[in-house]
Amino acid sequence: MTASLDSERPANDLFAAIRGRFQSRCHRDLALVRKAMTERDTPGGGDFHTAIHKLAGLAGTFGYARLGGLAAALDARLVAGDGPSYDELRMLEAALEQVATAP
Amino acid sequence: MPRSDIGGGKASELDAQLLLVDDDPLMIELLSAMLDHFPNRRTATSGMEGIRLARELPPDLILLDIGMPDLDGIGACEVLRSQPALASVPVIFISGNHNTSTAVAAFRAGGNDYITKPVNQALLLQRVREQLGRGREERA
């Protein structure tokens, strides 16, 4: 799962430490997504959108292509002014959970 | 000449002053790790702080995020380009925004390159080396 990082050299301890902090942030984002799933109107407003935008850029860079793709698709919908569907949030929740709890 | 020598090779990488500007501290950490071939790196988490650091010590290259809260990267680049000492410093935008209109606006603001997130380390290194090489050719 490190395709974006290991093209020039193997992942090292520094990347592993940063990845650990990314996983911690995934726990925070997971809580935001779950909160959004319970809201009927635009979920979370600007803070939610900012978190999804950052998640899209970071997840892909860490090599989590599925999570990055789901977040990027949701980011694009929010930019267009569309609210996310429950199914989209549910898929993002599952992908975040998988990354956040990965060893 | 091997592509990896663009920009002057290892000695140049040790000398080059890089300035990384992104409002996400985790992205700054990640970019710094990807660019650890370049030991002289400074970082800023806002457009205003980036401008201040660039004025204090003009870098050889600036990596500039676009989506930042106080002053976005495009606005920051316009400010940098208005400063004689910084007008020719290569600027590579790094953005999560894949819209063509944003990329065009970034180039119009004076950007030299535009990389979209997710960032690939090999591609990032290559484009940094190319911009450093061009900067040196222009100053020579």
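Me: Which side chain meets Lys117(B) in a salt bridge?

Reply: Asp22(B) does, at 3.3 Å, N to O. A salt bridge here is a side-chain nitrogen of Lys or Arg within 4 Å of a carboxyl oxygen of Asp or Glu. This is a predicted model: local features need pLDDT of at least 70, side-chain atom pairs count only at pLDDT 80 or more, and totals for chains, interfaces and linings use all residues. Residues are numbered from 1 along each chain as its sequence is written, chains are lettered from A in the order in which they are written, and side-chain values use heavy atoms, without hydrogens and water.

Me: Where do Lys117(B) and Asp22(B) lie in the chain?

Reply: Lys117(B) is in the loop between β5 (113–116) and α6 (121–139) of chain B, and Asp22(B) in the loop between β1 and α2 of chain B. They are 95 residues apart. Helices (H or I, at least four residues) and strands (E, at least two) are DSSP runs, numbered from the N terminus.

Me: Is Asp22(B) buried or exposed?

Reply: Buried, at 1% relative accessibility. Lys117(B) is buried too, at 10%. Buried means under 20% relative accessible area, exposed over 50%, partly exposed in between (1.4 Å probe, protein chains only).

Me: New topic. What does Asp23(B) pair with?

Reply: Lys54(A), in a salt bridge of 2.8 Å, N to O. Asp23(B) lies in a loop of chain B and Lys54(A) in helix α2 (residues 45–61) of chain A, so the pair joins two chains.

Me: How many salt bridges over all chains?

Reply: The search finds 13. Arg34(A), Arg90(A), Glu93(A) and Glu97(A) are linked in a network of them.
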